[in-house]
Amino acid sequence: MSEKLLEVKNLKTYFYTDEGVVKSVDDVSFDVEKGKTLGIVGESGCGKSITSLSIMQLVETPPGKIVDGEIIYEGEDLLKKNKEEMRKIRGGQIAMIFQEPMTSLNPVFRIGDQVDEVIELDAQLRKAQQHGDSLRADRNRISKEIGGFMAKGRKDEAEKAKAQIKEFS
């Protein structure tokens, strides 16, 4: 028996306009099992993109709003995650392939080069994030040291610690 990676249950995403409520996604449910691919197909305007944007919490609010349902990814309800938590999931774990490739691909460059660029940028971003986390830890440690030096009247040590912080900036 396969394990569920994503469960969308009774999803409802509505848009509130001057003309009334547009029920763009109305009671949509589906599962995606680990190792499987799901393609969402349908007529133009049937809610494919809004369903995907809802999963990633990228529906523009207002006028759009997810009014009901659950989006369970690896056992956790994505609708209960805050913006920062969702930012960490988007792109690396969940992504959307847009319907119109010309909106995301440049016809002047080879597709393989464009895909390589995305992979390289992602690797650089992950490395920078890891480096940034260690820099913040170092800054916090040094800031505490500065406070300790100042309290003990050791201003020369405090100045050295401040210089270390400037190195990281």
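Which residue is the bridge partner of I72 in β4? The bridge partner is D77. The structure is a predicted model, in which local features need pLDDT of at least 70 and side-chain atom pairs count only at pLDDT 80 or more, while totals for chains, interfaces and linings use all residues. Residues are numbered from 1 along each chain as its sequence is written, and side-chain values use heavy atoms, with hydrogens and water left out.

Helices (H or I, at least four residues) and strands (E, at least two) are DSSP runs, numbered from the N terminus. Two strands are taken to pair if DSSP finds at least two bridges between them. β3 pairs with β4 (residues 76-77) in the antiparallel sense, over two bridges. These two strands form a hairpin with two residues between them. In the turn, E74 has a positive phi of about 50°. β3 also runs antiparallel to β1, and eight bridges join the two. Here K9 stands opposite E70 of β3.

The largest nonpolar core holds 19 residues. Such a core is a set of buried Ala, Val, Leu, Ile, Met, Phe, Trp, Tyr and Cys residues joined through side-chain atoms within 4.5 Å. Buried means under 20% relative accessible area, exposed over 50%, and partly exposed in between (1.4 Å probe, protein chains only). L6, I55, L78 and I94 touch the most other members of this core. Two or more residues each come from β1 (4-17), β2 (20-33), α1 (48-55), β3 (64-73) and α2 (83-89). β1 gives the most, with four residues. L6 is in contact (heavy atoms within 4.5 Å) with F30, D31, V32, I55, I71, I72 and Y73, leaving aside neighbours within four places in sequence.

The backbone has several further features of note. Most residues other than glycine have a negative phi, and most peptide bonds are trans. N10, in strand β1, has a positive phi near 50°. N10 counts as partly exposed, at 39% relative accessibility. D27 lies in strand β2 and has a positive phi near 70°. With a relative accessible area of 43%, D27 is partly exposed.

The bond from T61 to P62 is cis, with omega near -20°. The bond from P62 to P63 is cis, with omega near 15°. P62 is found in the loop between α1 and β3, and P63 lies in the loop between α1 and β3 as well.
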